[in-house]
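The following briefing concerns a single protein model and is arranged by topic.

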Amino acid sequence: MAIRLATEYVKTCLQLTEAEMAMFIQMFVNHQASLQVRVLENGNQEVVLPDDAGQEIVLSFERKLGFYICQGSCRITNRKLVDLMRKAVSSFKGSAVVHRIYAAYTMIYEYERGTVVKIMESKNGNEKVIYEYKDTVGQLEQLFQNDAVEREISRIKLTINQLLDLRNDLQDEAVREHIDDRLQKLTHELFVLEA
């Protein structure tokens, strides 16, 4: 089994309400992760987590419009902290690109709204997709609700009916031939759309 060397949160975005910010901090406290919270003058906060080898992970939360927003990157080697960050991104519906670094390869996880949407393996400069979320139900719903073809069929039928009425009212052969050409093209379009 491969040993993970580090986990790097390349792009992380968490947007927390004040209550969620308290829950975020409490989640780390509940798992005996020692942390320090620094409240800055402007209401921003920094959550400082000690990682292995005496390094500190600083998560900066900027206060904007009633939310605490954390955007940035960090590298974590402590397995407990790695697991807690994964749970935090998932629980608080965050978005992130996470690199799980091993000796011979890197696994890249993409999170959107707390859910893994893509997993890739990067090895020797080549990337291979392992998993990709496809919203099949959503795509089918969108396709079902797309009625552009039906509207185009209705428009063509209306035009054909108007041209037939016009053709029946006119006696001029040259104009009738022109209408017949147009009707032939519209009939072909209608056939293609209905097929």
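Threonine 12 touches Cys70, Gln71, Gly72, Ser95 and Ala96, not counting residues up to four places away in sequence; contact means heavy atoms within 4.5 Å. The model is a predicted one, in which local features need pLDDT of at least 70 and side-chain atom pairs count only at pLDDT 80 or more, while totals for chains, interfaces and linings use all residues. Residues are numbered from 1 along each chain as its sequence is written, and side-chain values use heavy atoms, with hydrogens and water left out.

**Threonine 12**
- Threonine 12 lies in strand 1 (residues 4-16); helices (H or I, at least four residues) and strands (E, at least two) are DSSP runs, numbered from the N terminus.
- Threonine 12 counts as buried because its relative accessible area is 8%; buried means under 20% relative accessible area, exposed over 50%, and partly exposed in between, with a 1.4 Å probe and protein chains only.

- Nine strands form an open sheet with antiparallel pairing, in the order 2-3-4-5-1-6-7-8-9; two strands pair if DSSP finds at least two bridges between them.
- Strand 2 (36-39) and strand 9 (126-132) are the edge strands, each pairing on one side only.
- From one strand to the next, the twist averages 15°; axes are lines fitted to C-alpha atoms, for helices over the stretch in contact, and angles run from 0 to 180 degrees between N-to-C directions.
- Strand 2 is joined by four bridges to strand 3 (residues 45-50), and the two run antiparallel.
- Within strand 3, glutamate 46 is the residue opposite arginine 38.

**Strand 7 and its neighbours**
- Five of the seven residues of strand 7 (residues 106-112) are buried, and the strand is mostly covered.
- Strand 6 (residues 95-102) runs antiparallel to strand 7 and is joined to it by six bridges.
- These two strands, strand 6 and strand 7, form a hairpin with three residues between them.
- Threonine 106 in strand 7 stands opposite isoleucine 101.
- Seven bridges pair strand 7 with strand 8 (residues 115-123) in the antiparallel sense.
- Glutamate 110 has lysine 118 in strand 8 as its bridge partner.
- The hairpin of strand 7 and strand 8 has two residues between the strands, and arginine 113 takes a positive phi near 50° there.

**Helix 2 and lysine 80**
- Helix 2 lies across strand 1, strand 3, strand 4 (56-64), strand 5 (67-76), strand 6 and strand 7, and runs at about 30° to strand 1.
- Lysine 80 is located in helix 2 (residues 79-91).
- Lysine 80 counts as partly exposed because its relative accessibility is 41%.
- Not counting residues up to four places away in sequence, lysine 80 touches His31, Gln32 and Ala33.
- Lysine 80 and glutamine 171 are 91 residues apart along the chain, and their C-alpha atoms are separated by 88 Å.

**Helix 4 and helix 5**
- The axes of helix 4 (residues 148-169) and helix 5 (residues 173-194) cross at roughly 160° and come within 10 Å.
- Helix 4 is therefore roughly antiparallel to helix 5; angles under 35 degrees count as roughly parallel, over 145 as roughly antiparallel, 65 to 115 as roughly perpendicular and the rest as oblique.
- The contact of helix 4 with helix 5 involves 12 nonpolar, three polar and nine charged residues; Ala, Val, Leu, Ile, Met, Phe, Trp, Tyr, Cys and Pro count as nonpolar, Asp, Glu, Lys and Arg as charged, and the others, Gly among them, as polar.
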